[in-house]
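Subject: Structure handover

Hello,

Here is the structure for your files. Please open it alongside this note.

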Amino acid sequence: MVQIYQDFIPVGNGNRPGYAMTPEYVTVHNTANTSKGADAKSHAAYVKSPTTEVSWHFTVDDHEIFQHLPLNENGWHAGDGHGNGNRKSIGIEICENADGNFQQAVKHAQWLIQKLLKEHHIPLANVVTHQYWSGKACPRQLLATWNEFKKGIESAEDPETVITYVVKSGDTLTSIAKAHGVTVQDLQNWNDISDPNKIQIGQVL
Ligand SMILES: [Zn+2]
């Protein structure tokens, strides 16, 4: 089972640039952090640090996925300034923490990308490396086997997922509903059921 947390960087934070985006690409990264504990949750805290001036949309590890930005806003992750990498691509970091299972994290990322391609009508050809935009050797663990990684996107199996929206100060049911394009009534219904395709409202466990 994979827990997905929508734990957005607060509006106004320097790492939430907030330019409107219609995603046309998916850009894949590796965190390049092999420390124990350098998992998705720790990166969710990191991207809220206002001095880092870097942000992306999802961090994936072997048991959790954290979403840091809504998909209709850009992040700073591709190293191409205001080019298509930063302004038109969904950025995904795959964790390399020593206490995690990298291959499992890769499988989860492949499934997430498959889902994003369907939802945003993005062709597989537009799944690219960070290197594609800026020349940086990233995702460093996947560059040598990039074609295999892309093949795995098509065949990725759906892990059981639960999506939790992490409530921030200032959120109201109305603002949360608006952010998800649904009604308050929908939200209240979602909290009463355990459909894995619905979003529950809560805190990081
Ligand atoms: Zn990168």
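Below is what was found, starting with the ground rules.

This is a predicted model, in which local features need pLDDT of at least 70, side-chain atom pairs count only at pLDDT 80 or more, and totals for chains, interfaces and linings use all residues. Residues are numbered from 1 along each chain as its sequence is written, and side-chain values use heavy atoms, with hydrogens and water left out.

**Zinc site**

The zinc ion has His29 (ND1), His130 (ND1) and Cys138 (SG) as its protein donors, at 2.1 to 2.3 Å. Donors here are N, O and S atoms within 2.8 Å of the metal (3.2 Å for Na, K and Ca); water is not among the atoms, so sites may look incomplete. Along the chain the spacing reads H-x100-H-x7-C. Histidine 29 sits in strand S2 (residues 25–30) and cysteine 138 in the loop between helix H4 (130–134) and helix H5 (146–155), so this pair ties together parts that are 109 residues apart in sequence. Helices (H or I, at least four residues) and strands (E, at least two) are DSSP runs, numbered from the N terminus.

**Backbone points**

Most residues other than glycine have a negative phi, and most peptide bonds are trans. Two places are worth a look against that background. Cysteine 138, the zinc donor, is joined to proline 139 by a cis peptide bond, with omega about 0°. Proline 139 is in the loop between H4 and H5. Alanine 32 has a positive phi, near 55°. Its place is the loop between S2 and helix H1 (40–46).

**Salt bridges**

The structure has five salt bridges, each a side-chain nitrogen of Lys or Arg within 4 Å of a carboxyl oxygen of Asp or Glu. Arginine 16 is in the loop between S1 and S2, and glutamate 73 is in the loop between strand S4 (64–67) and helix H2 (84–88), so the two tie together parts 57 residues apart in sequence.

**Domains**

The chain is split into domain 1 (2–155) and domain 2 (161–202), with bounds from an automatic or database domain assignment. Their centres, over C-alpha atoms, are 23 Å apart. Nine residues from domain 1 and nine residues from domain 2 make the contact, meaning heavy atoms within 4.5 Å. About 870 Å² is buried between the domains, 58% of it from carbon and sulfur atoms. Buried area is the accessible area (1.4 Å probe) that two parts lose on being put together, summed over both. In domain 1, Ile4, Gln6 and Phe8 lose the most area, together 54% of what that side buries. Zero salt bridges are counted between the two domains.

Best wishes
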